[in-house]
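The following paragraphs guide a new reader through one protein structure. Please keep the sequence and the model in view while reading.

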Amino acid sequence: MDSIEHRLEFWGARGTAPTPNSDRLRYGGNTICLAARLAEDHYLVIDCGSGARRLGREIVANRAGAPTRIDILLSHYHFDHVEGLPLFNPLYDPEMSIRFRGSAPEGLGLRETLERFVSPPYFPVRLSGSPARVEYTEIDGQPFSIGDVEIATLPLNHPDGCNAFRLERGGHRVVFATDQEHGDPEVDAALIAFSRGADHLIYDATYVPSEYESLRKGWGHSTWYAAIAAARAADFRNLILFHHHPDHTDGDLDEILRVARDEFPATEVAREGMTIPF
């Protein structure tokens with residue numbers, strides 16, 4: 001498995017809250033979660049929104065009795081990025097080894113943050129007593145490796161903080177930059193430099209420009225038009241619009257894709273089940 005192309009799959013692309021509405025299922029109603037199978041016994045996961053529940057069931061079903069390793073990158077700890085964690089089946093399987101990697105929130109450690117979230121009165125089972133072997137590694141801004149994937153991080157402009165991730169392997173590069181609000185010149189320039197030459201940039205496009213300008217400045221999210229500006233400046237190959245607003249229907253996302261492609265033809269709208277190689 002290690003010798004073939006890795007594929008990063010979207011298990012959740014919706015921001016803020018899950019949307020099980022019938023007019024929002026073509027692009028998917030689950031919140032943020034992506035994953036790649038790096039080897040038969042090794043997975044890389046990015047964020048644990050509600051999409052992590054279905055992912056976890058598949059990982060357990062495919063284990064076939066063999067111990068399995070899972071590395072989980074957490075961009076930050078807002079609910080739409082961690083709400084699937086208590087329902088992630090590998091936590092309850094003693095043959096699983098899980099390592100969480102994320103920045104420590106101010107005043108707390110990574111372990112304390114997650115163990116507070118997965119415990120009574122918020123959830124009846126404690127993360128601290130899960131059958132899986134669980135480890136915690138705090139991100140300090142330095143690059144690191146998971147399997148054959150080199151990973152770099154970059155702080156973004158978002159309330160309570162958020163990290164972008166750059167995954168590199170065999171000359172291929174994917175940048176995951178959700179929960180980024182454009183408009184801070186220093187952060188915008190850093191993200192453009194961080195993304196330059198990437199095969200894919202997965203970028204926060206929660207709002208259309210009119211929504212952002214009228215009501216949502218300072219909320220920590222961006223627009224499809226700001227994503228296009230980043231695409232042009234960073235000179236990468238493909239743009240993937242991501243973190244869809246819960247009120248945006250499939251038809252709304254179709255229209256966003258149409259107008260975005262007029263500006264930058266190599267644009268896609270993220271949807272559950274979509275995969276990208278790296």
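Helices (H or I, at least four residues) and strands (E, at least two) are DSSP runs, numbered from the N terminus. Residues are numbered from 1 along each chain as its sequence is written. This is a predicted model, in which local features need pLDDT of at least 70 and side-chain atom pairs count only at pLDDT 80 or more, while totals for chains, interfaces and linings use all residues; side-chain values use heavy atoms, with hydrogens and water left out.

The secondary structure of the protein consists of seven helices and 14 strands. Its C-alpha trace spans about 50 × 45 × 40 Å along the principal axes. The radius of gyration, taken over C-alpha atoms, is compared with a globule rule of 2.2 Å times the number of residues to the power 0.38. For 278 residues a compact globule would come near 19 Å, and the value of 18 Å for the protein agrees with this.

Of the 278 residues, 54% are buried; buried means under 20% relative accessible area, exposed over 50%, and partly exposed in between (1.4 Å probe, protein chains only). Contact means heavy atoms within 4.5 Å. Among contacts with a separation of 6 or more, 69% are between residues 24 or more positions apart. The protein exposes about 11,900 Å², of which carbon and sulfur atoms supply 50%. Accessible areas come from the Shrake-Rupley method with a 1.4 Å probe, and for residues only the protein chains shown count as cover.

The pockets come next. On a 1 Å grid over the protein atoms alone, a pocket is an open set of points where a 1.4 Å probe fits, with protein on both sides within 12 Å along at least five of seven lines, and lining residues have an atom within 4 Å of a point. Grid points are joined across faces, edges and corners, and a volume is the space filled by probe spheres set on the points.

The largest pocket holds about 450 Å³ of space. Its lining has 21 residues, and His76, Tyr77, His78, Pro105 and Thr113 lie nearest its centre. Helix H2 (79–82) and helix H3 (110–117) are the elements that give two or more residues to this lining, and H3 provides the largest share, four residues. In H3, the residues Leu110, Thr113, Leu114, Glu115 and Phe117 are buried. The cover over these buried residues includes H2, strand S5 (96–102) and strand S6 (133–138).

The second largest pocket holds about 240 Å³. Fourteen residues line this pocket, and Arg7, Glu9, Ala36, Arg37 and Tyr43 are the closest to its centre. Strand S1 (7–12), strand S2 (33–39) and helix H1 (51–62) each supply at least two lining residues.

Some details of the backbone remain. Most residues other than glycine have a negative phi, and most peptide bonds are trans. The peptide bond from proline 120 to proline 121 is cis, with omega near 5 degrees, and proline 121 is placed in the loop between H3 and S6. Threonine 16, in the loop between S1 and S2, has a positive phi near 75 degrees and is partly exposed, with a relative accessible area of 49%. Aspartate 160 also has a positive phi, near 70 degrees. Aspartate 160 is found in the loop between strand S8 (149–155) and strand S9 (163–169), and this residue is exposed, with a relative accessible area of 74%.
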